Amino acid sequence: MIIRAALSLLMINTAALSFCLSPRIISRATIPIRTTTLSTMASAASSTAPEHEHEHPQDNNTNSKDVIMLSGYPFYIHGVDPSAVRSVFEKTRSVLQGMCGDQLVSAHRMGSSAIDGIAGTPVCDVVAEVSPWPLNEENKAKLEAAGYECHGSAPHDTENDEWFFGGDGKPGHLGRVVLHTVPKGSEFVRDTRAFCEYVNSHPEAFERYNTVKVEGAIRMSKSEEEDGRLIGYKHQKAQVCVEIMHEAIKWWSETNGNNQ
């Protein structure tokens, strides 16, 4: 389960990104960031990456030099506007409640965009517990009509995760959503919550994950293979992601047991 949860952080689709993390947001106000280091990284990226890779995607009020384009996906060095992503989630949860009725058990944010201040793309990742699982055909049709298209089984867990792509705007930009639907009580929900809450509440883990994300994005922005920049970025952060996932699940178990 740990490996599946970690792998989900690395999944790539041409239509959307999937970062399976936690729903709960803990204030970033108490977690210091090495702003000097990040500013240096941003400056380095600005001076070396191709000019078109710094086009401002207009996703939020961010200086264009703080955004790197990876295979058409905007990567925010200083994180996406938390309130903007939160609004996307609230809209998605409202759609789920209206379309899925009693089959919906819960819906939570997850992914890097659920960690205030961390570098990453602005796609809003959501995990929904449903019972019975999977969603019935009627509710799938309702979701599709609302703009959330089913893409079958998620690659990281073909037996217990059916995912949907939807939302507003261009793929990879603010407004877009990756929706995972899993069975009620899925350990996947617990594990991804553990990851996000651990990163949110442990400054060292936040900085370690944030740094490898920024370094990987900057490194891949210099690649001559434009189509492979996004996938390459995911590979750059893979090892650190797995390490933190193990730490997070151990911490969660010691703190909360097996409770979600």
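How many residues does helix α5 have, and how far does α5 reach from its first C-alpha to its last? In this predicted model, helix α5 spans residues 187-201, which gives it 15 residues, and its reach of 21 Å is close to the 21 Å expected at 1.5 Å a residue. At the start of α5, a side-chain oxygen of S186 comes to within 3.1 Å of the backbone nitrogen of F188. Of the 15 residues of α5, 13 are buried, so the helix is largely enclosed by the rest of the structure.

With β3, the strand β4 runs antiparallel, joined by 6 bridges, and H108 stands opposite V127. With β7, the pairing is parallel and extends over 7 bridges; here V127 stands opposite H180.

Leaving aside residues up to four places away in sequence, V126 touches F89, T92, L96, H108, M110, V177, V178, L179 and H180. In soluble globular proteins, nonpolar side chains tend to be buried together. The largest nonpolar core of this model has 24 residues, and those with the most contacts inside it are L96, C124, V126, L143, V177 and L179. Two or more residues of this core come from each of β1 (67-70), α3 (82-100), β3 (104-110), β4 (124-130) and β7 (176-183). The greatest contribution is that of α3, with 7 residues. Another core, of 19 residues, lies apart from this one and includes V199, A205, M245 and A248.

Strand β1 also takes part in a hairpin with β2, with 2 residues between the strands; in the turn, S71 has a positive phi of about 50°. The two strands pair in the antiparallel sense over 4 bridges, and V67 stands opposite Y76 in β2. From β2 (residues 73-76), Y73 and F75 point one way and P74 and Y76 the other, and all are buried.

The cysteines may be considered last. A disulfide is a covalent bond between the sulfur atoms of two cysteines. A search of the whole structure finds 0 disulfides. C150 is partly exposed, with a relative accessible area of 29%, whereas C196 counts as buried at 0% relative accessibility.

Terms used: Residues are numbered from 1 along each chain as its sequence is written. This is a predicted model: local features need pLDDT of at least 70, side-chain atom pairs count only at pLDDT 80 or more; totals for chains, interfaces and linings use all residues. Side-chain values use heavy atoms; hydrogens and water are left out. The expected span of a helix is 1.5 Å times one less than its number of residues. Buried means under 20% relative accessible area, exposed over 50%, partly exposed in between (1.4 Å probe, protein chains only). A polar contact is a pair of N or O atoms within 3.5 Å; within protein, one must be able to donate a hydrogen and the other to accept it, and residues adjacent in sequence count only if both atoms are side-chain atoms. A disulfide is a pair of cysteine sulfur atoms within 2.5 Å. A nonpolar core is a set of buried Ala, Val, Leu, Ile, Met, Phe, Trp, Tyr and Cys residues joined through side-chain atoms within 4.5 Å. Contact means heavy atoms within 4.5 Å. Two strands pair if DSSP finds at least two bridges between them.
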